[in-house]
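Open the model in your viewer and keep the selection tool at hand.

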Amino acid sequence: VSRYVEDFLLKEWRIPREKIGVVYHGVGPAISEGSRHRPAGMSAEGDGLFLFTGGSLIPARRLEEIIEALSILRNKGFCQKVVIAGESPSRSMEFYQTRIREMAKRLGVQDQLVWVGHLPPEEMAWCFAKCQLFLMTGRAEACPNIVLEAMSHGCVCVSSTELPLPEFFCDAAIFYRA
């Protein structure tokens, strides 16, 4: 699904190049503006004044980087809301969301986080369309479909330099070193 995965298969598993084909995933048809709607957990007062991220709530999502950045920016007078879509994929991973919430509280930014949980496509599309920035902090991606969705919605994106994110974003993101 990416050159990153292809390189892994070639180098780590030593699979012959002729046995590997890269098939990029596409993005489904756009959800019309009239079908999009605000997630139930969000108030109307913040429309268009938030940053957005999404995905499974697991340690590889690296939400700590967002929390740390919010703390630094808050100390400089910038107090931005961040909408976080997604949930823990299993009970054994629920510790991660607890840890992130505790970190946000300790750093004094818990009031800037809006946890909306799993969202249906119409609500994800609304968030992509209305956010100021889409944040991609993930570390364990093969084909980050959420990146494709963000770009298909025209989001301004900020991403870590972790592979394969630069391959997918190319020049369509502002990158930071993880």
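The expected span of a helix is 1.5 Å times one less than its number of residues. Helices (H or I, at least four residues) and strands (E, at least two) are DSSP runs, numbered from the N terminus. This is a predicted model, in which local features need pLDDT of at least 70, side-chain atom pairs count only at pLDDT 80 or more, and totals for chains, interfaces and linings use all residues. Residues are numbered from 1 along each chain as its sequence is written, and side-chain values use heavy atoms, with hydrogens and water left out.

**Select residues 94-106.** This is helix α3. α3 has 13 residues and reaches 19 Å from its first C-alpha to its last, close to the 18 Å expected at 1.5 Å a residue.

Which residues of α3 are buried? They are Tyr96, Gln97, Ile100, Met103 and Ala104; buried means under 20% relative accessible area, exposed over 50%, and partly exposed in between (1.4 Å probe, protein chains only). These residues cover an arc of only 125 degrees around the axis, so they lie on the same side of α3. The arc is that of the directions from the helix axis to the C-beta atoms. Turn to the other side of α3 to find Glu102, Lys105 and Arg106 exposed. Glycine 108 follows α3 and has a positive phi, near 75 degrees.

**Select residues 63-75.** This is helix α2. Its buried residues are Leu63, Glu64, Glu65, Ile66, Ile67, Leu70 and Ser71. Among the elements that cover them are β1 (50-54), β2 (81-85) and α3. Just after α2, glycine 77 takes a positive phi of about 90 degrees.

**Show both helices together.** α2 and α3 pack at an angle of about 10 degrees, with their axes 10 Å apart. Axes are lines fitted to C-alpha atoms, for helices over the stretch in contact, and angles run from 0 to 180 degrees between N-to-C directions. That angle makes α2 roughly parallel to α3 (under 35 degrees; over 145 is roughly antiparallel, 65 to 115 roughly perpendicular, the rest oblique). Leu63, Glu64, Ile67 and Glu68 of α2 make the contact with Tyr96, Arg99, Ile100, Met103 and Ala104 of α3, where contact means heavy atoms within 4.5 Å.

**Select proline 120.** Proline 120 is in the loop between β3 and α4 (121-130). At 31% relative accessibility, proline 120 counts as partly exposed.
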